[in-house]
Amino acid sequence: MNPAAVQTTTPPTTSKQRSAPYDAFHAARARTDLTARLYAAAMGEDYPSEVSASSSCDWPLLGLLTARLRMSPDQLLVDAGCGTGGIGLWLARALAVRLEGFDLSPIAIAQATTRRPHFLDRKATWARFRIAELADTGLSDGCADGIVCVDVLGRSADKVSAMCELGRVLAPGGRLAMTRSLRPGTTAAWTEQAQAAGLEVEHVDERPAEPVMWERLYRLWIAHADDLIGELGGGQAQSMLREAHRMLPLLVGRRAVLLTLRRPATGPVGSPAAARMTTLDRRVGNSPTFSGRTPQ
Ligand SMILES: C[S@@+](CC[C@H](N)C(=O)[O-])C[C@H]1O[C@@H](n2cnc3c(N)ncnc32)[C@H](O)[C@@H]1O
């Protein structure tokens, strides 16, 4: 399910209305492995089958998330719009971090919760999943050392409110890694959105293979229309087929990126940590070689 495909004509007002299309998708997906098989066919060797995401999450994205978050064991990772939890759980196991996942779909949250022992075994309680929304996560100020948000900010979402809320939750020095996509001819607004949330753009990693993958996936959905109807039911299959037909022409020239935003690490003035940082900053100078940032 592509977040850019969420339609905005009649904005839903209640959380039940907002979660309904996602609930239907996650429930249908749980009844058959056909959708997973089609994602696997579209991604080929890049498909991380254990994660089984409902998104563009492939092995290169998992690698980038791991590298960009730079987390330490025992820290807290938040998976915002976690769906059935595969990405957060995979990262929690790989990085030995605690996990707090949230999603507006109760069906997705129930599935994510049952997947915890598979990934974390006896440390299953290190992961918690809750029903919540991007604009009101219910998480405390500065509790997260890292946040991932994969294919959640569709074109209907209020991106600034969502980013402000995630920025509030992020600890000083923590990072938010989120996928974003742009239609051709549009200018990225993420620098201004990040500033509004008190965050800095640290990296913009281009993902040119992502629109190509969506094109392959949508063509597979159309080619397997009868199978989808048979296995998922007419309603859900028709909704996926409508998405495929509507999105296919919009993929031409589309730009997909992984955006890494950082909350500045502000230590108390005069503290030993701040003094150490100042000395180090002076030693490395302002050379872009040492900034660790991707050129913007
Ligand atoms: C395309 S799926 C991606 C799920 C997961 N991140 C992944 O990559 O597998 C989008 C998910 O975002 C959730 N979602 C959409 N809008 C949301 C919002 N405003 N707040 C929280 N979750 C949201 C949906 O319920 C759905 O599970």
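How do the residues of the shell around the ligand divide into nonpolar, polar and charged? They divide into 13 nonpolar, seven polar and three charged. Keep in mind throughout that this is a predicted model.

**Stop 1: the ligand**

Select the ligand and the residues around it. The shell holds 23 residues, and the closest are Tyr22, Ala53, Ser55, Gly81 and Gly83. Now colour α1 (15-31) and α4, the elements that give two or more residues to this shell.

**Stop 2: the whole chain**

Zoom out to the protein chain. Its secondary structure comprises 12 helices and seven strands. Of its 296 residues, 42% count as buried. Take the contacts between residues at least 6 apart in sequence: 76% of them join residues at least 24 apart.

**Stop 3**

Next, select β6 and β7. Their pairing is antiparallel and runs over six bridges. To find a specific pair, pick histidine 203, which stands opposite threonine 260 in β7.

**Stop 4: helix α3**

Which residues of α3 are buried? Show the side chains of Leu61, Leu62, Leu65, Arg68 and Leu69, which are the buried ones. They sit on the same side of α3 because they cover an arc of only 140 degrees around the axis. As background, an α-helix has 3.6 residues a turn, so residues three or four places apart point the same way.

Turn to the other side of α3, where Gly63 and Ala67 are exposed. Then step just past the end of α3 to arginine 70, which has a positive phi of about 50 degrees.

**Stop 5: helix α4**

Is α4 largely enclosed or left open? Eight of its 10 residues are buried, so α4 is largely enclosed by the rest of the structure. The buried residues are Gly86, Ile87, Gly88, Leu89, Trp90, Leu91, Ala92 and Leu95.

Display what these residues pack against: α3, β1 (76-80), β2 (98-103), α5 (106-120), β3 and β4. After α4 comes alanine 96, with a positive phi near 55 degrees.

**Stop 6: histidine 224**

Finish in the loop between α8 (209-223) and α9 (225-232), where histidine 224 lies. Is histidine 224 buried or partly exposed? It counts as partly exposed, because it has 19 C-beta neighbours inside 10 Å, and a buried residue needs 20 or more.

How values were computed: Residues are numbered from 1 along each chain as its sequence is written. This is a predicted model: local features need pLDDT of at least 70, side-chain atom pairs count only at pLDDT 80 or more; totals for chains, interfaces and linings use all residues. A residue is buried if 20 or more other C-beta atoms lie within 10 Å of its own, exposed if 12 or fewer, and partly exposed in between; C-beta atoms are placed from the backbone. Helices (H or I, at least four residues) and strands (E, at least two) are DSSP runs, numbered from the N terminus. The arc is that of the directions from the helix axis to the C-beta atoms. A residue is near a molecule or strand if its C-beta atom, placed from the backbone, lies within 6 Å of it. Ala, Val, Leu, Ile, Met, Phe, Trp, Tyr, Cys and Pro count as nonpolar, Asp, Glu, Lys and Arg as charged, and the others, Gly among them, as polar. Two strands pair if DSSP finds at least two bridges between them. Two residues are in contact if their C-beta atoms, placed from the backbone, lie within 7 Å.
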